[in-house]
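Please read the following report beside the sequence and the structure.

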Amino acid sequence: MTNPAFTRRACLRALSGLLAAAAVSRAAHAADPKKMIVLYFSWSGSTQKVAEEIQRLTGCDIARIETVTPYPRDYSETVRIAVPEREGKARPPIKPLPDLSSYDVIAIGHPIWGGQMPMALYTFLENTDLSGKTIFHFSTSGGSGLGDSQQEIARLEPNAKLLPGHTVYGWGGVRDLSVVRGWLEADGIALKSGV
């Protein structure tokens, strides 16, 4: 005859083991989120502020897209360089970026110059294959919104999953970073706990 107390103990031990295994499985899943990096090009600092807010909210990695020859700090001088670059479809050399192969989500941020991405973004996108990755795209502008940047990224990275683009007013500095959380939540980008 089976001892009821022994059976009950065995069942409780087995159940405890199953619960512990499930907890370990959940912990392993929580510790292995999709890897994300935010890459940004910023001249005035507005796009950098948005990129840093994304990093703060998600805990992702971050890297700056920088031209080998920096643009002048003076606005008029930068325009004198940027307009001919755009009209001539220039591809200014950029500094090396981290290896992106281990990232699942690539956030790409930039200002809008004359209705377009700065030409450094073309340099980056034309020399980087983001096939199979998810692109979270955002811009800062003085009123041009995304310009044609969403369509251009879709054209240049046809094998990536491009999420809807987001833009924030950034002329003279970003005044409302609270919108960034809404962008991330709407696109299903996980936020780190406690933010």
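## Thr 58

Thr 58 counts as buried because its relative accessibility is 15%, where buried means under 20% relative accessible area, exposed over 50% and partly exposed in between, with a 1.4 Å probe and protein chains only. This is a predicted model, in which local features need pLDDT of at least 70 and side-chain atom pairs count only at pLDDT 80 or more, while totals for chains, interfaces and linings use all residues. Residues are numbered from 1 along each chain as its sequence is written, and side-chain values use heavy atoms, with hydrogens and water left out.

Thr 58 belongs to helix 2, which spans residues 46-58; helices here are DSSP runs (H or I) of at least four residues, numbered from the N terminus. A polar atom of the Thr 58 side chain lies 2.8 Å from the backbone oxygen of Ile 54. Apart from neighbours within four places in sequence, Thr 58 is in contact (heavy atoms within 4.5 Å) with Leu 184, Ile 189, Ala 190, Leu 191 and Lys 192.

## Glu 53

Helix 2 also holds Glu 53, which counts as buried because its relative accessibility is 12%. With neighbours within four places in sequence left aside, Glu 53 is in contact with Leu 177 and Val 180.

## Val 79

Val 79 is located in helix 3, residues 75-87, and is partly exposed, since its relative accessible area is 33%.

Definitions and conventions: Helix = DSSP H or I, 4+ residues; strand = E, 2+ residues; numbered from the N terminus. Polar contact = N/O pair within 3.5 Å; in protein donor to acceptor, adjacent residues only side chain to side chain.
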